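Here is a friendly walk through one protein model, written to be read with the coordinates open beside it. Please have your viewer ready.

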Amino acid sequence: MDRYARWNALLEMLTDSGRVTVEEAADRLDVSQATIRRDFDQLAQQQMITRTRGGAVANGVSYDLPLRYKTAKHSAEKQRIGAAAAALVSPGTVVGLNGGTTSTEVARALAVRPDLNTSAEGAQLTVVTNALNIANELLVRSRMKVVVAGGVVRPKSFELVGPLGGALLREVTLDVALLGVDAIDPQLGAAAHHEGEAAMNNLMVARAKRVVIIADSSKLGGHAFARICPVERVETLVTDSGAAPELIDAFRAAGVHIITA
């Protein structure tokens, strides 16, 4: 287990229990207590946790982990979801794509599709994104047209937020918006933990002909601080096979098409 995967596991432990001792963490991760102490010290320096005598306590880690700490969670499911969502994209269209680990998998799946990378007139895919890492994924792997919304960078998610990006998004039209979310509920709709990200995503929804939500099963039925859009605006939900059948039924009853990857 590399350092980032270990840190992710430690943060998940703290999210679940609120407090973890060095001894408990070392036993669960099968590493030395000295390694765990160093991990706790480094996470505390980044203000991700609060160090205590003999362990650590949670410091808001359940709400908005930096993107680099989220990559190990549900990674296989997110790859499948990314491939399934990318399959919905046709050559020559304009796609909106926000930030996040699942959206990153969508970008990677889009980048390796040869039919989307042709330079023929009218066939080139255009991706509009407010996430720096998504733009980088596409620029280094493909010949797509990439449009980046401006704004202030959120270091936790690499997303650009604020009125500068909003001005650009109001001037474009998207054939489809592929949006990763922090939560989606059949009654409450799609939501994000950060209000700035939710506002940018809401603008993508407003400018899109179709809205596709990409979310692993852990996000279904949950709630987050700021709403992105009501469930009525969502055409399709792409999720994984771990989704609870009753939730899937509730989304279908709300008129949402379900794709299980």
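Glu-246 is exposed, since its relative accessible area is 58% (exposed means over 50%, buried under 20%, and partly exposed in between, with a 1.4 Å probe and protein chains only). Its place is in helix 10; helices here are DSSP runs of H or I with at least four residues, strands are runs of E with at least two, and both are numbered from the N terminus. Before going further, please note that this is a predicted model, in which local features need pLDDT of at least 70 and side-chain atom pairs count only at pLDDT 80 or more, while totals for chains, interfaces and linings use all residues. Residues are numbered from 1 along each chain as its sequence is written, and side-chain values use heavy atoms, with hydrogens and water left out.

**Helix 10 and its distances**

Helix 10 covers residues 245-253 and also holds Arg-252. Arg-252 is partly exposed, with a relative accessible area of 47%. From Arg-252 to Ala-167 the C-alpha atoms are 34 Å apart in space, and the two residues are 85 apart in sequence. Glu-246 and Val-147 are separated by 99 residues in sequence and by 39 Å from C-alpha to C-alpha.

**Domains**

The domain assignment gives domain 1 (3-60) and domain 2 (75-260), with bounds that come from an automatic or database assignment. Their C-alpha centres lie 32 Å apart.

**Helix pairs**

How do the axes of helix 2 and helix 3 cross? They come within 9 Å and cross at roughly 115°, which makes helix 2 roughly perpendicular to helix 3. Axes are lines fitted to C-alpha atoms, for helices over the stretch in contact, and angles run from 0 to 180 degrees between N-to-C directions. Angles under 35 degrees count as roughly parallel, over 145 as roughly antiparallel, 65 to 115 as roughly perpendicular, and the rest as oblique. Helix 1 (residues 3-17) and helix 2 are therefore oblique to each other.

| Pair | Axes come within | Crossing angle |
|---|---|---|
| Helix 2 and helix 3 | 9 Å | roughly 115° |
| Helix 1 and helix 2 | 11 Å | roughly 125° |

Helix 2 passes helix 3 in a right-handed crossing, and the crossing of helix 1 and helix 2 is right-handed. A crossing is right-handed if the near helix is turned clockwise from the far one by less than a right angle, and left-handed if anticlockwise.

Contact means heavy atoms within 4.5 Å. On the helix 2 side, Val-22, Glu-23, Ala-25, Ala-26 and Leu-29 meet Gln-33, Ile-36, Arg-37 and Phe-40 of helix 3. By class, this contact has 6 nonpolar, 1 polar and 2 charged residues (Ala, Val, Leu, Ile, Met, Phe, Trp, Tyr, Cys and Pro count as nonpolar, Asp, Glu, Lys and Arg as charged, and the others, Gly among them, as polar). Arg-6, Ala-9, Leu-10 and Met-13 in helix 1 meet Ala-25, Arg-28 and Leu-29 in helix 2. That contact has 5 nonpolar, no polar and 2 charged residues.

**Positive phi values**

Most residues other than glycine have a negative phi. Asp-30 has a positive phi near 60° and lies in the loop between helix 2 (22-29) and helix 3 (33-45). Asp-30 is exposed, at 69% relative accessible area. Phe-158, also not a glycine, has a positive phi of about 65°. Phe-158 sits in the loop between strand 7 (152-154) and strand 8 (159-161), and counts as partly exposed at 30% relative accessibility.
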